[in-house]
2 protein chains.
Amino acid sequence: MSNASPMDVAWMRRAVELAAKGVGSTHPNPVVGCVITGPDGHPVGEGFHAVAGGPHAEVEALRMAGARARGGTAYVTLEPCNHTGRTGPCADALIEAGIARVVYAVPDPNRTAAGGADKLASKSIEVVEGVLRDEAEAVNQVWLHSVRTGRPFVTWKFATTLDGRSAAPDRTSKWITGPIARADVHRHRAECDAIAVGTQTVLDDDPELTVRDETDVPAARQPLRVVVGDREIPPTARVRNDRAATLLLPTHDPAEVLRQLDDRQIRHLWLEGGPTLAAAFVRAGLVDEIIAYVAPAVLGSGFAAVGDLGAESIDHLRRFKLADVSRLGDDVRLTLVPLGGK
Amino acid sequence: MSNASPMDVAWMRRAVELAAKGVGSTHPNPVVGCVITGPDGHPVGEGFHAVAGGPHAEVEALRMAGARARGGTAYVTLEPCNHTGRTGPCADALIEAGIARVVYAVPDPNRTAAGGADKLASKSIEVVEGVLRDEAEAVNQVWLHSVRTGRPFVTWKFATTLDGRSAAPDRTSKWITGPIARADVHRHRAECDAIAVGTQTVLDDDPELTVRDETDVPAARQPLRVVVGDREIPPTARVRNDRAATLLLPTHDPAEVLRQLDDRQIRHLWLEGGPTLAAAFVRAGLVDEIIAYVAPAVLGSGFAAVGDLGAESIDHLRRFKLADVSRLGDDVRLTLVPLGGK
């Protein structure tokens, strides 16, 4: 990014803001934001990728800019694609519009879509890579992880008392946390494209596993519901209702679960437990983020959020990095990521 | 506090600041701060109660003010005492110094020391009560609780993993939390006048239960070490060493523990567990504050911080109020108080 000016950084910051507007609705595509400035450096267009199948950010921004884009600069959070999918290659659209310079943050790791920067450069367009790369990586974290590793990004969510109980001895667990924490869960669920639980959780709690607003109205777009395990699910289980699609995966292998979901282009899996399924993912090292809601309460007995991990001594403690701690009403939300992660 | 002016509030705020300097070193006495202004309203003296047996705050402030106190105002966080203990009554000292007006925050709930305000008023000194009462109550919370209820204020402290494990299956627990959290424990311990554990914890961990600084050097003043339960403690146990006094209480009744400690004028008990002792205190409703250190780690097996509380269903959850949440290095500290408490 040797050719980046302070104005380049400022416009890329705006492009990252735009990209963030697509979080949760572009699956299986990345979020992308774009700002176009005219030859005089003033902004003439902006756009973001809002939904898979809809126009790409660059196309939106070019449409707003019209002829004013000619000789200008395009700021894009992700390398412009060189791929004809449901829309044409963005690299071609930028070339046709007469853009003189393209600044992007993150190179496209997707082999079928990459090559946009080379194509632009071959048309004598000045190309600058890496401006605000960290911020642009963060907003696209889930998609980049999924494309780079070939499996969905896994968030393990649980609610617990301060003494580590996620359910009472009779398996009841409604409600450990308060309404603000529960609304936060629905906001997070809404940004994922699949929600997984084990069969035991379906039998115990009969959860619907849908995204609902504060008045309990289901959202228009619902993540895929995934039930893992080979115990029988009754036909009357709420997870079988028609409010969302449901996938039954009769396996106990987390890697197999993720393979099946990757085949369906699932980018972000929201893992709700119970303890056996959570333990399988933790043991396999397949948890990319932990979001724990801790209630200011003690129970003294019951079930923990995570089952046996084979630990016998404190030396077997599995440590994570504390990425965030937030108060949500009467509860506390802790966000953990793998050590060495961002 | 009808006769209180903005300047009264300002000087009382300073007196509360001064009082706070005594927290942790005045046991079994309250913390008290005092500011004296001369007849022109300018400050001429200030003081605080630093250590039991040492001069009271009013006496310190009068000493600094000298003759300039005559005709002035004394701001005191607690009603001036009318009691001859190791020092004479502060009410008399204020009268002798010719103070014209006394403003105090909290009436003295201690029957043997109260009556100071009446004595001052009987000498035609203007007396104003209740200025900044909430702040002054807060800084003296432990002592006021102890005098009002006739038992020590109980803080239950524990360290836990995010999945609620305070020890591994082999009972090892060193170290769940990091050095910043452990230093915070020592700071809190230093402000208490007794530390209690159960006999099982002594047998498992052989803790020394002393206050040490970051280089592991013991503090000059050490809380009383209290071991609760009737299991035999080996003569070589570190809790029996000569670095602090130790009290063995062969009982399982928390109320009896607190009676014994109240007889010894213990104001603030720091309860470190283990789970059986903690559960006994929680069941008895004798926990006034919970300080939990939560590590960003999971263990999947082992012992919870608190033993069985008789809960069978989630309806039996014992809720507290979240008073504070703070990040301490890689760990999180949650402070809980009883519902309905401050």
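## Where the chains meet

Across the interface of chain B and chain A, the rule finds 16 residue pairs in polar contact, both residues at pLDDT 80 or more (N or O atoms within 3.5 Å; within protein, one able to donate a hydrogen and the other to accept it, and residues adjacent in sequence counting only if both atoms are side-chain atoms). The side of chain B that touches chain A draws its largest share, 8 residues, from β13(B). By class, that side has 29 nonpolar, 10 polar and 12 charged residues.

The area buried between chain B and chain A is about 3,800 Å², with carbon and sulfur atoms giving 67% of it (accessible area, 1.4 Å probe, lost on putting two parts together, summed over both). In chain B, the residues losing the most area to chain A are B:L162, B:V298 and B:I314, together 19% of what that side buries.

## How to read the model

This is a predicted model: local features need pLDDT of at least 70 and side-chain atom pairs count only at pLDDT 80 or more, while totals for chains, interfaces and linings use all residues. Residues are numbered from 1 along each chain as its sequence is written, chains are lettered from A in the order in which they are written, and side-chain values use heavy atoms, leaving out hydrogens and water.

## Around B:F281

Which residues does B:F281 contact, leaving aside neighbours within four places in sequence? Among them are B:V154, B:P254, B:L269 and B:V287 (contact means heavy atoms within 4.5 Å).

Methods:
Helix = DSSP H or I, 4+ residues; strand = E, 2+ residues; numbered from the N terminus. Nonpolar A, V, L, I, M, F, W, Y, C, P; charged D, E, K, R; others polar.
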